[in-house]
Amino acid sequence: MNYTYPENGASLVIDAAKCTGCGQCVNVCPHAVFEITNRIAHIVRRGSCMECGACALNCSAGAITVSRGVGCAAAILNRYRGKTGECNCDSTLNCC
Ligand code: SF4
Ligand code: SF4
C-alpha cells in the first residue's frame with residue numbers, strides 16, 4: 001500500500017537532459033514514483049516519495065537529485081528493535 005502526503009518528495013528532481021530512459025529508477029523505487037514516457041523518466045507520484053535516495057544512487061546518468069531524509073520509518077524502527085523482514089512494502093533495497 002502506498003501512502004501519499006502532499007509535502008512528500010519536495011526535493012526530488014529529474015534532469016530530463018541527462019536521463020537516458022534506462023528505467024533503473026522505476027525498478028528500484030519502492031513506491032512507484034516514476035514512469036517512463038517517451039524514453040524519459042517522469043515523476044508521477046511525488047506524494048509517495050519517502051526521500052530514501054535509492055533512485056539517485058542507482059541512476060548512472062546522474063539525472064536524479066533528492067535530499068535524503070530519514071528514509072523508511074518502518075525499516076528504521078524495525079532495525080532498531082532488531083527485527084527484519086517484517087515490512088511488506090516490496091522494496092528491492094534490502095532496507096528492511
Ligand atoms: S535511472 Fe536515471 S537515467 Fe535511468 S530512467 Fe531513471 S532518471 Fe533516467
Ligand atoms: S527517493 Fe526513494 S521513494 Fe523517492 S522516488 Fe527515489 S526511490 Fe522512490
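This is a predicted model: local features need pLDDT of at least 70, side-chain atom pairs count only at pLDDT 80 or more; totals for chains, interfaces and linings use all residues.
Glu-51 has 19 other C-beta atoms within 10 Å, so I logged Glu-51 as partly exposed. Buried would take 20 or more. I placed Glu-51 in the loop between β3 (40-43) and α2. I then checked the backbone: phi of Glu-51 is near 55°, a positive value in a residue other than glycine.

Next I looked up Ala-32. Its phi is near 50°, again positive and again not a glycine. Ala-32 sits in the loop that runs between α1 (24-28) and β2 (34-37). I counted 12 other C-beta atoms within 10 Å of Ala-32, so Ala-32 goes down as exposed.

Then I turned to the ligands. Around ligand 1 I found 13 residues. The closest are Cys-19, Cys-22, Gln-24, Cys-25 and Cys-59. I sorted that shell by class: 9 nonpolar, 4 polar and no charged residues.

Ligand 2 has 14 residues around it. Here the closest are Cys-29, Val-33, Cys-49, Cys-52 and Cys-55. By class I noted 10 nonpolar, 3 polar and 1 charged.

Is Cys-59 buried or exposed? I counted 22 other C-beta atoms within 10 Å, so Cys-59 is buried. Cys-59 belongs to the loop between α2 (54-58) and β4 (64-65). Setting aside neighbours within four places in sequence, I listed contacts of Cys-59 with Gln-24, Cys-25 and Ile-64. Last, I checked Thr-20: 39 residues from Cys-59 in sequence, 9.5 Å away C-alpha to C-alpha.

Notes. Residues are numbered from 1 along each chain as its sequence is written. Chains are lettered from A and ligands numbered from 1 in the order in which they are written. A residue is near a molecule or strand if its C-beta atom, placed from the backbone, lies within 6 Å of it. Ala, Val, Leu, Ile, Met, Phe, Trp, Tyr, Cys and Pro count as nonpolar, Asp, Glu, Lys and Arg as charged, and the others, Gly among them, as polar. Helices (H or I, at least four residues) and strands (E, at least two) are DSSP runs, numbered from the N terminus. Two residues are in contact if their C-beta atoms, placed from the backbone, lie within 7 Å.
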